[in-house]
Amino acid sequence: MSAPPRSLVNSGRILVVGGIISYRALFNWLSPWILIPSFLVGPLAQILLFAYLGRSAGVASDEFYVIGNALQYAAIPCLFAMSSTIGDEREEKTLGIILSTPAPRVPLFLGRALPVILNGFLVAVFALVVGGLMFSIDVPPSAYTPILLATLVASFSCTGLGFVCAALALRVRETAVLANVVFGFLLVFCGANIPVDLLPDWMAAVSPWLPLTHGIEAARQLADGAALGDVGDLLLKEAGVGAAFLVIGMLMLAYFEWESRRRATLETF
Amino acid sequence: MSAAAVPRALAIGYWMHLKMLATSAFNGFLAIIWPLFFATIAFLVYGLTGDDRTLLYASIGASVMGVWSAVSTSGSATVQRERRQGTLELLVAAPVPIAWVLLPITTAMATVGLYSMAATLLWGWLLFGIDVTIAHPLQFAVSVPVTVLAIGMLGFLLSVTVVRYRTAWALGNAFELPVWLVSGFLVPISILPEWVRPISWVLAPTWGVRAIRESALGGQPLPDLLACLGLGVGYLLIGVVCAESVLRSARQNASLALS
């Protein structure tokens, strides 16, 4: 059996090792004693806020808000980390060095997404478990694994949108503001807190084209006893939306990189 | 520093920070739009109930959310930014006590939150038809600045910890939503668990938003207003007393320059 081509090995190393190093660098500035609680307190606070809002208005059940907000909060690491991978490199003047290397761009940027997907997934799972315990939500044990799968697909999908934010970080300086705004749009539009069919028509029309919408819906149906096969189409749509955003993000990255070189703005901050 | 120079230091610090904050279009945009996302959800959810009074309740509460957001997240981040840029040591070395340096920062932040307050009320009126008629305009005009000042004082207390602990700025983010919830901005405190209520009593925003609601809806805002003011003064006193000892600790641990 012959060894894999050298270029493939290099790409694999860039994907895995490069991704891990980039992720460590991304969060190295913050003590884990602060970082980890930030990821854990945030989603619980959001769940509590909206679950009590829902109770006050009597619109939907606690389960609706716990699942919606737990999965939606995966957007925090997915959006912020992806935009920071480009924005922070640009601010630290290391982006030019990275882009001047012969490293192929696809594994270079995809590698940065893998730890982010895992991060988003873990944050959402934590929020689901603790939020579920806080509000005593009854989910059949047979649904645990399928819900985890739905959460993973939603995290992937949201990271696809994160790629678009990362590309925009080549043009805008305030990446945190950008990620906050995108997060806010998802919060309103993806059905985390208002059933999509109760949204105004124009908002409901936008909703299916965004990450998380189908993933949240799938997780809710699974928690209500649906089988994995019943929500297969929702998960496929969720993955499709994520893949579409990922491709758009990669194309935008390529275009903005080319334009940054042409206009010599790669390191301006 | 003479006592007569304190008001001048506070006024100049306040004005300077207000101008600095006003130069960042991105931050200004976020300060306005961020609470609008949450307000929109509250309006949509309460809109489904068909109860206009509930919508009005949410609209007034939502308008104060931006004031707290501006103070809790941006206020503590501003002190951290001074540390990163190496200017925190200069501020500490200045003859003006650190408390009088921090206080204008957080009150300027709270003032910026007024943009968000106006924007949220306008948003509710334009898109959701929530008509906020002010029953007691004079009391409303007093309640709003008192609430803003008291929230600024709470931010001041928070920012004192950032001087000592370089990671304490994250507390600002962590407290943003819990204070919205516990202070009853969107949800009546009566539906929260019993043990939460004492926490809400020691938070000035709780009384501030109640005073604003009472003055807008035609109730008696004075007791709430006095409670809000009293707590604000309390935060100020605690912050001033703690600031010097916190600063001494930061000097002993050489944490001023650590970013």
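This is a predicted model: local features need pLDDT of at least 70, side-chain atom pairs count only at pLDDT 80 or more; totals for chains, interfaces and linings use all residues.
**Ground rules.** I took local features only at pLDDT of at least 70 and side-chain atom pairs only at pLDDT 80 or more, while totals for chains, interfaces and linings use all residues. I number residues from 1 along each chain as its sequence is written, I letter chains from A and number ligands from 1 in the order in which they are written, and my side-chain values use heavy atoms, with hydrogens and water left out.

**Helix 3 of chain A.** I call a residue buried under 20% relative accessible area, exposed over 50%, and partly exposed in between, using a 1.4 Å probe and protein chains only. Eleven of the eleven residues of helix 3 (residues 62-72) are buried, so the rest of the structure largely encloses this helix. Among them are Tyr65(A), Val66(A), Asn69(A) and Ala70(A).

**Ile47(A).** I then turned to Ile47(A), which lies in helix 2 (residues 32-57) of chain A and counts as buried at 0% relative accessibility. Leaving aside residues up to four places away in sequence, Ile47(A) touches Tyr65(A), Val66(A), Asn69(A), Ala70(A), Ala127(A), Gly131(A) and Phe135(A), where a contact means heavy atoms within 4.5 Å. The C-alpha atoms of Ile47(A) and Asn69(A) are separated by 5.6 Å, although the two are 22 residues apart along the chain.

**Two positive phi values.** Ser136(A) has a positive phi near 50°, sits in the loop between helix 6 (105-134) and helix 7 (144-168) of chain A, and is exposed, with a relative accessible area of 64%. Leu212(A) also has a positive phi, of about 85°, and is found in the loop between helix 9 (201-206) and helix 10 (213-223) of chain A, but Leu212(A) counts as buried at 0% relative accessibility.

**Helices 4 and 6 of chain A.** I found that helix 4 (residues 75-91) packs against helix 6 at an angle of about 150°, with their axes 8 Å apart; axes are lines fitted to C-alpha atoms over the stretch in contact, and angles run from 0 to 180 degrees between N-to-C directions.

**Ser59(B).** Last, I checked Ser59(B), which lies in helix 3 (residues 52-84) of chain B and counts as buried at 0% relative accessibility. Not counting residues up to four places away in sequence, Ser59(B) touches Phe43(B), Leu121(B), Ile130(B) and Val132(B).

Methods:
Helices (H or I, at least four residues) and strands (E, at least two) are DSSP runs, numbered from the N terminus.
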